[in-house]
Amino acid sequence: MDARVTEFAAAEAKANFSQLLSRAEAGEEITISRHGAPVAKLVPVRGKMTAGERRARRQAYVAWRDVHGPTLGTDVTIRELIDEGRR
């Protein structure tokens, strides 16, 4: 467990901003407070997904969709509504 403080007062955050940026870049989430109340959070930016990761997520979604199927209520599917509109 990391024993470092993850909440800083605004003035302290301002004085140590580059150090806090380095900590956020390393994956840490830092809360900045004013008068004891949290007002902002410094978080790391998520990296872009690779094409393989996007493909894997898409395949997982399609597998989920095939099992659960999108519906509107308990007995009407989107496909049935589309087909009905074409009549």
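Predicted model: local features only at pLDDT ≥ 70, side-chain atom pairs only at ≥ 80, totals over all residues.

Residues are numbered from 1 along each chain as its sequence is written, and side-chain values use heavy atoms, with hydrogens and water left out.

The protein chain has 4 helices and 3 strands, where helices (H or I, at least four residues) and strands (E, at least two) are DSSP runs numbered from the N terminus. If you read along the sequence, these elements follow the pattern β-α-α-β-β-α-α. The accessible surface of the chain, calculated by the Shrake-Rupley method with a 1.4 Å probe, comes to about 7,500 Å², and 55% of this belongs to carbon and sulfur atoms.

Now to the sheet, which is open and has its 3 strands in the order β1-β2-β3, with mixed pairing; two strands count as paired if DSSP finds at least two bridges between them. At the edges are β1 (7-9) and β3 (37-42), each of which pairs on one side only. In general, strands of a sheet pair through backbone hydrogen bonds, either parallel or antiparallel.

Here, β1 and β2 (residues 30-34) run parallel and are joined by 3 bridges; Glu7 has Thr31 as its bridge partner, and Phe8 stands opposite Ile32.

Is β2 enclosed or open to the outside? Because 4 of its 5 residues are buried, β2 is largely enclosed by the rest of the structure; buried means under 20% relative accessible area, with a 1.4 Å probe and protein chains only. Across the 87 residues of the chain, buried residues make up 13%.

Which residues make up the largest nonpolar core? There are 7 of them, namely Phe8, Ala13, Leu20, Ala24, Ile30, Ile32 and Leu42, and such a core is a set of buried Ala, Val, Leu, Ile, Met, Phe, Trp, Tyr and Cys residues joined through side-chain atoms within 4.5 Å. The elements that give two or more residues to this core are α2 (17-25) and β2. Leaving aside residues up to four places away in sequence, Leu42 touches Leu20, Leu21, Ala24, Glu28, Glu29 and Ile30, a contact being heavy atoms within 4.5 Å.

Finally, helix α3 (residues 51-68) has 18 residues and reaches 26 Å from its first C-alpha to its last, close to the 26 Å expected at 1.5 Å a residue; that expected span is 1.5 Å times one less than the number of residues. Just after α3, Gly69 takes a positive phi of about 55°.

Definitions and conventions
Buried < 20%, exposed > 50% of the residue type's maximum accessible area, 1.4 Å probe, protein only.
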